[in-house]
Amino acid sequence: MAKTTLTVDGRAHTVAATPDTPLLYVLREELALNGPKFGCGLAQCGTCTVLIDGRAVRSCVTPVAAVNGAVRTLEGLSAGGKPHPVQDAFIAEEAAQCGYCANGWIMNSVALLEKHPKPSEAQIRDQLSGLKCRCGTHMAILRAVRRAAAATA
Amino acid sequence: MQINRRDFLKSSGSLVVGVSASGALQSLIAGEALAESVSYPNPSPELLDTWISVARDGQVTAFFGKVDMGLGLETAIAQIVAEELDMPVERVNIVAGDTLLTANQGGASASSGIRAGAIPLRNAAAEARRVLASAGAERLGVPFEAVATEKGEVFVKAEPARRIGYASIVDGKPLGTKVTWNKEMGTPLNVTGAGKPKAVADYKVVGQSVARRDIPGKMLGTTDYLTNVRLPGMLHARLLRPAVAAAVPVSYDAASIASIPGARVVHKKDMLAVVAEREWDAVRAARLLKVQWTEPAMNWPGSEGIHDHIRSAPAVASNGESAFAGKRVYDETPTYRALAGAAKVMTADYEAPFQSHARIGPSVGVADVRDGSAVIYVDSQKPHFVRMGIAKLLGLPQDKVRVIWKTGAGSYGRSDADEAPYEAAVLSQELGRPVRVQWMRHEGTGWDPKAPAAVISMKAGLDAAGAVGAWYFRAKGFSGWDVKFAADSPEQTLVGMQLGMAKTDMHNFDVPTETYQFPNTVRFWQTVAPLQVQASPMRCAHMRAPQEMQSRFAQECFVDEVAIATGRDPLAFRLASIKEPREMAVLKAVTEKAGWSAADHSPRKAKGDILFGRGLALYNGYGSYAALVVEVEVNRKTGRVWARKVTVAQDSGLIINPGSLKTVMEGNVVQGLSRAMVEEVAFNQSTVTSVDWNTYPILDIKDVPETVETIIMHRPDMASGGAGEPTLVSMAAAVGNAIHNATGVRLRRYPFTAARVKAALEQHSA
């Protein structure tokens, strides 16, 4: 089986996986990372989102062979024990019920705020559009993103 | 099983997973260390130690036989136990839903977590406090009356410096006291002891917005979700689903997956699965496997024809006949007589779609079935019932099956959550290795049990002055118990039916709670036969709240129709037609806050292509009362409806955690809007065609309201009601009423998709 080298959360890993294996399966199965989750396998919900060189990427449809940058995951955001300001904001607003989709909202919010530290309401809704939350916690998510923007600005 | 659980409690509830050749269950228990006194594997409700345990390190663990599906229940239960025990809430741990460690409290069901599930915990904690205070008084050498408790310590009231901690009193031993059990199992289970719960006026922790303890882990990626369970030697499995719903596999071509290392097929009766060592290989094998399926003739009416089908289909059951939930006899005769004598009769049919639970994470189950025992990992709402059903399916005594509940994707009723664990159990028994089954998206949306479609017929008889003299409600739809609310028998699951078990015939729909005080009222339901009896993707089950969004859509829209037809404001008409003060209070609170005006006659003034309207709806159920006002903007060109502002008021009696309740109410608003606006299962003659987020969309963040105002009624004098559903149920009705207020057009079918609204507006103006 093909060996692929990946940098994930600042550490280099060599993993054995067929080139078409989606990054999500490598992260979860080979590296036992729990942040990105399987939601659809179709890039329709964002639950599997990771950051690759700052871009929010749906890992469920990204073949591991096509990964050409450093991968950051939810667990990597709080490496060193200190939560990322976006994580702090989501915690403060209790912006989850089941929390299964939280990874997608947090990773996409990190990407948004790294690009637009002071986003407008329309920018927030626009950039997060397409992510799915079945429990309907969107109102708290919006508050959390605003709070994170205010805290980091 | 005499095992000591002191060590287990020292590790704050973390379960130690071990595997040995001597049986999956035994090894797991041996790794764990349990209480000396508790009667595992069936903890007796009659023992205080089944409910409450005090560890040497001063931590208290409460054992909760329900589960937290993400609504903050774990924190709320900890608050209640901490309150009664006079413990700091952060030192109270909750173990939930593990069938080995907890009594069967019925699982997550009917918003009963607080209103029923908390009661034995509250009573047990009060009794534990009494036992601890009594033992503490003895150790301090004073009478019981001379001591009080605070912060996990017993102290002498007259000399507060003289104190002893609970941990020192207990010294790692069991509490060893019995409590009185009401002999019920499931949700009604209760226990009482000599120690009485506190008066509400004395509450310090209950009623506070304590931070939800499940939240940080969910945001940091450290929560122990079911999807993270990885057992040594675990195989990954996928199930094969037919393109035609009633088709079953005839044969398969093993050569078609020969190129995938380790992939193999398990074909047992009508169940067809692939397994592989690696997950992606199982996914690939499921895609590549060539299968020959039967080609049954199918003649489903399709989603566009479903309501005509319901109208013409014979009724097979009603609430007037004996059913699982008992019968509620009704008599239409007085209503028909009054309608016949009315000056004016209004009638309307309302149509509700099939909807999918569509969990964000489709069904997952991990099973380890070996040497005559089984350990099953689930995120089902009812782990104790899954245990019964899987034991039956595997042919094992219940004592040999342990079901361990883990945090999972939200499920909102009898979703697909109960399916994959059964499939994993069958496959693990077959293969002798641990198996993980993960459903794919097309299964989670296409093959979950659905909320049933219905046609609800309303009639009102009015006298010459417009007073209501007769009221008729008939819901006719597919059974909400087509598969049961609890998967306590395998024939209620897909794989059980695939293995040849005949589904039990059960019927249920819903009639609204008594609210409106109209004379000659009749309210009843009828069910029609399922589209496909066995192993159907259109089998129905309850979805937040069971058949109630359907029934309230009709009732609350028709109340508006009658009010408007007789020249009355919908708010004033409601207030004049109800008698329950708590219903009146939520109506008044919500309309005051929303600035309701009786002068907003339909259709309202437009601004360009945007029409503005507001609608009202009421709900009463689960011991709670809710009212909502939705303000919409309707684009008359595109048909897009945006609920720009939603105001909700909820009275759930005594509130444990107002902060949690606020976010629960907001979630219900958004999920309710999603179901009112966009959600509808699509199907053709032979199968479900809405199978992912493009074909079964839910509300997008661009379309959620600008503002959601929540009003929590302060009623600590009343028992806690269910809070998980009330603000969702009447949403379709409130939006329908708001669309009418904006446009003058009455839409009697939800969801109010842009295409449907546009068509209705065009038809109206033509």
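Predicted model: local features only at pLDDT ≥ 70, side-chain atom pairs only at ≥ 80, totals over all residues.
Which residue in β3(B) does Phe63(B) stand opposite?

1. Phe63(B) faces Val95(B), which sits in β3(B). The two strands involved are β2(B), residues 60-64, and β3(B); they run in the parallel sense and share 5 bridges.

2. **The sheet around that pair.** These strands belong to an open sheet of 3 strands in chain B, ordered β1-β2-β3, and the pairing is mixed. At the edges stand β1 (52-54) and β3 of chain B; each has a single partner strand, so one side of each has no neighbour in the sheet. From one strand to the next the twist averages 20 degrees. Helix α4 of chain B, residues 73-85, packs on this sheet and touches β2 and β3 of chain B. The direction of α4(B) makes about 130 degrees with that of β3(B).

3. If you follow the chain onwards, have a look at Ser111(B), in the loop between β3 (92-96) and α5 (118-140) of chain B. Ser111(B) is not a glycine, yet its phi is positive, about 50 degrees. Is Ser111(B) buried or exposed? Ser111(B) has 23 C-beta neighbours inside 10 Å, and because 20 or more count as buried, Ser111(B) is placed in the buried class.

4. **Two hairpins in a row.** Strands β4 (residues 147-150) and β5 (residues 153-156) of chain B pair in the antiparallel sense over 4 bridges, with Ala148(B) opposite Phe155(B). There are 2 residues between the strands of this hairpin, and Lys151(B) there has a positive phi near 50 degrees. A further hairpin leads from β5(B) to β6(B), again through 2 residues. β5(B) and β6(B), the latter covering residues 159-165, are antiparallel and joined by 4 bridges.

5. **Two cis prolines in chain B.** Which residue is joined to Pro603(B) by a cis peptide bond? The partner is Ser602(B), and omega is about -10 degrees. Pro603(B) lies in the loop that runs between α17 (581-594) and β25 (606-607) of chain B. The other case is the bond from Tyr750(B) to Pro751(B), also cis, where omega is near 5 degrees. Pro751(B) belongs to the loop between α20 and α21 (754-765) of chain B.

6. Of its 13 residues, 13 are buried, so α20(B) is largely enclosed by the rest of the structure. Gly744(B) follows the helix, with a positive phi near 80 degrees.

7. **Where the chains meet.** How many residues of chain B are in contact with chain A? There are 45, and they touch 45 residues of chain A. On the chain B side, the elements giving two or more residues are α7 (215-220), α8 (279-288) and α18 (658-677). α18(B) provides the largest share, 8 residues. By class, this side of chain B has 18 nonpolar, 16 polar and 11 charged residues.

8. **Chain A and its two domains.** Chain A is assigned domain 1 (3-77) and domain 2 (85-152). Taken over C-alpha atoms, their centres are 21 Å apart. Domain 1 brings 15 residues to the contact and domain 2 brings 14. On the side of domain 1, β3 (49-52), β4 (55-58) and α2 (74-77) of chain A each give two or more residues, and the largest share, 3 residues, comes from β3(A). That side of domain 1 divides into 7 nonpolar, 6 polar and 2 charged residues.

9. **A last stop in chain A.** Asp53(A) lies in the loop between β3 and β4 of chain A, and its phi is positive, near 50 degrees, in a residue other than glycine. Asp53(A) has 10 other C-beta atoms within 10 Å and is exposed, whereas Ser111(B) is buried.

How values were computed: Residues numbered from 1 in each chain as written. Chains lettered and ligands numbered in written order. Domains from an automatic or database assignment. Contact = placed C-beta atoms within 7 Å. Nonpolar A, V, L, I, M, F, W, Y, C, P; charged D, E, K, R; others polar. Buried ≥ 20, exposed ≤ 12 C-beta atoms within 10 Å, placed from the backbone. Pairing = 2+ DSSP bridges. Axes fitted to C-alpha atoms, helices over the stretch in contact; angles between N-to-C directions.
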